[in-house]
Amino acid sequence: QVQLVESGGGLVQAGGSLRLSCAASGRTFSTYAMGWFRQAPGKAREFAAAMSWSGGSTRYADSVKGRFTISRDNAKNTVYLQMNNLKPEDTAVYYCAAAPSVAARLWNYWGQGTQVTVSS
């Protein structure tokens with residue numbers, strides 16, 4: 001079992017930055033790939049970024065590539081999402097998730113989400 005709690009969301013102007021954190025509990029955190037997803041109002045949840053358990057493999061959605069960076073600290077059981085050059089269309093609830101691999105279709109565990117609002 002892995003429990004996930006996101007933090008770091010908030011209101012930021014376009015062009016600004018935020019760093020989201022996701023704290024995980026459970027001894028098996030370091031064996032899971034971790035991902036970030038987001039859901040904008042009225043839209044389906046979409047993939048944003050993911051990182052393998054070792055940190056050696058990452059993948060990003062085209063919409064965030066070059067602006068967002070995922071990282072993890074297995075000693076702290078925490079995964080981060082650094083978001084730079086934010087745009088109004090990045091406004092969404094951001095969720096972290098855990099899965100057996102970075103290419104997983106099914107993500108086993110989810111956090112409760114943190115709101116990110118980007119004003120124009």
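This is a predicted model: local features need pLDDT of at least 70, side-chain atom pairs count only at pLDDT 80 or more; totals for chains, interfaces and linings use all residues.
**Core.** Begin with Leu4, Met34, Trp36, Leu81, Met83 and Tyr94. These residues have the most contacts inside the largest nonpolar core, which has 38 residues. Next, colour the strands. Those that give two or more residues to this core include strand 3 (18–25), strand 4 (33–39), strand 8 (78–83) and strand 9 (92–99). Strand 9 provides the largest share, six residues.

**Disulfide.** Select Cys22 and Cys96. Their sulfur atoms are 1.9 Å apart and form a disulfide. The count of disulfides here is one. Now check the S-S torsion of Cys22 and Cys96. It is about 45°, so the disulfide is right-handed.

**Aromatic pairs.** The model has four aromatic pairs. Show Phe37 and Trp107. This pair is edge-to-face, with 5.3 Å centre to centre and 75° between the planes. Phe37 belongs to strand 4, while Trp107 lies in the loop between strand 9 and strand 10 (109–110), 70 residues apart. Phe37 and Trp107 are buried.

**Charges over rings.** Stay on Phe47 and bring in Arg59. Arg59 lies over the face of Phe47, 4.1 Å from the ring centre. Finish at Phe29. Over its ring sits the charged end of Arg72, 4.7 Å from the centre.

How values were computed: Residues are numbered from 1 along each chain as its sequence is written. Side-chain values use heavy atoms; hydrogens and water are left out. A nonpolar core is a set of buried Ala, Val, Leu, Ile, Met, Phe, Trp, Tyr and Cys residues joined through side-chain atoms within 4.5 Å. Buried means under 20% relative accessible area, exposed over 50%, partly exposed in between (1.4 Å probe, protein chains only). Helices (H or I, at least four residues) and strands (E, at least two) are DSSP runs, numbered from the N terminus. A disulfide is a pair of cysteine sulfur atoms within 2.5 Å. Rings of Phe, Tyr and Trp (its six-membered ring) pair if their centres lie within 6.5 Å; planes under 30 degrees apart count as stacked, over 60 as edge-to-face and the rest as tilted. A charge sits over a ring if NZ of Lys or CZ of Arg is within 6 Å of the ring centre and within 35 degrees of the ring normal.
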